[in-house]
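The following exercises are to be worked with the sequence and the structure at hand. Each task is followed by a stepwise solution.

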Amino acid sequence: MSASLQVDTEVCNHRAVTSLPCYAEIVPTPRTWLPRAEEILAILKKSSADELDRTAIEMLFEIQRRTALLLMDQVGVIKHGLRHSVSRTSLLSWVERIVASEGQELERRQRVSAEISEDLAERRATRQALDEAGKPARSFAITREILSATVDSLPPDIEITPGRIVVSFDPANPDAACQMLYQLGLALSNDFDSFLAIQQAGTTTGNTTGNTVGPTVGHTAA
């Protein structure tokens, strides 16, 4: 996200009197209007106006006065005495540049957010169904180590070989199996390339039957 330079003139004038240096304040410009970018572009393309003043910018982008002034600063202000405006064509080009540079990232974030919301909804529905069936879901502690799991960081009780995954656990502690399986799933998601390398190495050495020939990660089962 870009930033705009804004100078507090009162502070600068005071510092000029006291012989102190004046520094411009870096003010980040939020893109709250970006989800409406296509609508804004359509309006600008249809408009017959040559210039837009601050009030028009506020209405079009649905932003406050301060943000509108910062936006106009970035586009390029045209001064007519006390009246300031921006060229419609310059504003149109500026919005198109912002969409090209930041639009994809916004779409990615929205997509990830939608996927997370969908996943959470499915989890809630599954948990509710289990509860109603008298089968409450098991719960276990999720540590930072588990969340950041990779293939190499898996505990020795999880063995990964070409075509085979073995999870060993104490039968008196079945919750440990749930925890390790959850950690295994995260490791494969976070570090799929390492898992793929183990499988490809097994194919290269002719190990396609799920035995322990080839690279191994974790504990070797007896």
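Two strands pair if DSSP finds at least two bridges between them; helices (H or I, at least four residues) and strands (E, at least two) are DSSP runs, numbered from the N terminus. The model is predicted: local features need pLDDT of at least 70, side-chain atom pairs count only at pLDDT 80 or more, and totals for chains, interfaces and linings use all residues. Residues are numbered from 1 along each chain as its sequence is written, and side-chain values use heavy atoms, with hydrogens and water left out.

**Exercise 1.** Describe the hairpin of β6 and β7.

*Solution.*
1. Strand β6 covers residues 158-161, and β7 covers residues 164-167.
2. The two strands run antiparallel and are joined by 4 bridges; in one of the pairings, Ile-158 has Val-167 as its partner.
3. Between the strands lie 2 residues, and Gly-163 adopts a positive phi near 75°.
4. Ile-158 and Ile-160 point one way from β6, Glu-159 and Thr-161 the other, and all are buried (under 20% relative accessible area; exposed is over 50%, partly exposed in between; 1.4 Å probe, protein chains only).
5. In a regular strand, side chains alternate between the two faces of the sheet.

**Exercise 2.** Is Glu-102 buried or exposed, and which side chain does its own side chain contact?

*Solution.*
1. Glu-102 belongs to helix α5, residues 88-132.
2. Glu-102 counts as buried because its relative accessibility is 15%.
3. Its side chain makes a polar contact with that of Arg-31 at 3.3 Å (a pair of N or O atoms within 3.5 Å; within protein, one must be able to donate a hydrogen and the other to accept it, and residues adjacent in sequence count only if both atoms are side-chain atoms).
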